[in-house]
Amino acid sequence: MTVTTEAPTTTTSARVESVSTQFAPTLLGVPGDELAITWTVAADRPGLTQLAYEIEVASNLSFRTDRATTGEVPSNEAISRPAPGGRLESRETRFVRVRIRTEDGWSGWGPVARVEAGLTSADDWSATAVGIPSTVEGPAPMLRTEFHLNEVPITARLYVTSLGLNTVEINGSRVDDVHLAPGWTSYDGRLVVSTVDVTAALRSGANAIGATLADGWYRGALGWTGQHSHYGDELALIAQLEMTFADGSTRRVVTDPSWRGSFGSIRAAGIYLGCDLDQREHPHGWSSPGFDDSAWSSVQVVPLDTATLDPNTAPPVRTVDERPMERLENSPGFILDSGQNLAGWVRLTVEGTTGDTVVVRHAEVLESDGTLHTRSLRTARATDTYVLEGDGTHVLEPEFTFHGFRYADVVTTARVVSATAIAISSDIQPRSTFTSSEPRLERLHSNVAWSQRSNFVSVPTDCPQRDERLGWTGDAQAFAATANTLFHSAGFWASWLKDLEL
């Protein structure tokens, strides 16, 4: 995150407008690297030149104590400059600011960038990986535990990753807005860890943590051969909740054999398959304290080398756009159009009764007769199915999958109230814009940007729709320069190149 401090009186019209590190500003729990600082400048008087800079790093926002500085560095460079202080230690927080000198003198200090390290050593982990036996593309395992707190912590960090995909809830609510965590890496050598600030989710008294797992790229089908389990056969969660209290004491809640496991409403889920969800199977209250898990089974410890655990360097996958879908009245069946090809899924609002079914299929283009063109998907089913529980309004979204599509058809015994196309991508931020007097050029530029969004889903892929979606290096090399022009892609590439090296 970025925070601002009051700047001292300046002797020049130049000013530092932004300060960043090599990590995305929204990323919490970064690796234990040395910091590389980048800044942008502006001036009210044209013609000024940066002649020197100074970078300050401190452990507190006041910059009054525990402070390190580069001193004056004669240079006009402002990209990836080394910060003082050396490598980050586990859990360490640093604040960074920059000022520059021009012909008119020193500017004031610019905005402050905050960086927090994750668990940077295997020795930091006391959690073990746990899971329950499950089948490929079968029901999604659900794991849970409860614990008691005498008081609310002043800070709480959840360090979490999994063999397979995961979502985590505390006291009945999701802890973040990330999709497809922990993403796709070379799992044998590197499994990235998410760090989540969960301070606000905890309360005095009884608390509960719940997690759902799915195959994802780890165990699900990859490629057009139908093969699965490329990295392993067992899904597992490893999570470590670290809390600090007002008196300075700390406490951990970790995954261990005391956790319990079962299955719920997600009956099947796969990257190519889609998601089958039966609301009638959902164990209501499962991630809240007081839930009766006596019928659940004990978890099993799954072998996991903690040396492979690596704090994330790239922005995670998030929702990047939501687009209302319109029904095409002149097409056969119930065909929806988002107006844009994207990677993601359809969020449906329907009115129905218990046992009603909803089936949503996805495609990028239509056949000449107005039906979905699905032949090019090959073995990718790209279909989400739902069975409703209860009478009334239901909001339906799949879990642990995504589709490349513009169009969708819906077959249901319920009434469709509304439909929204949810676009997902690695959460990289735009770096440039383009406008033109020629609408077709603007559309071409928009298509390129959307192609990047749809194919930057944890790794750079060749396509978002069929039974491929693989990280071919040729595609990435050809597009890298464009990607870096359109979006702040450095962190994304840095993460992927680690896996390419592995």
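How much space lies in the largest pocket? About 950 Å³, where a volume is the space filled by probe spheres set on grid points joined across faces, edges and corners. A pocket here is an open set of points on a 1 Å grid over the protein atoms alone, where a 1.4 Å probe fits, with protein on both sides within 12 Å along at least five of seven lines; lining residues have an atom within 4 Å of a point. Please keep in mind that this is a predicted model, in which local features need pLDDT of at least 70 and side-chain atom pairs count only at pLDDT 80 or more, while totals for chains, interfaces and linings use all residues. Residues are numbered from 1 along each chain as its sequence is written, and side-chain values use heavy atoms, leaving out hydrogens and water.

Around the largest pocket you will find 36 lining residues, with Ser20, Thr21, Phe23, Thr38 and His488 nearest its centre.

The second largest pocket has a volume of about 800 Å³. Its lining holds 30 residues, and Ile266, Leu277, Glu397, Pro398 and Glu399 are the closest to its centre.

Now turn to Asp44. This residue is exposed, with a relative accessible area of 61% (exposed means over 50%, with a 1.4 Å probe and protein chains only). Beyond its neighbours within four places in sequence, Asp44 is in contact (heavy atoms within 4.5 Å) with Ser13 and Arg15. The C-alpha atoms of Asp44 and Glu17 are separated by 12 Å, with the two residues 27 apart along the chain.

Terms used: Buried < 20%, exposed > 50% of the residue type's maximum accessible area, 1.4 Å probe, protein only.
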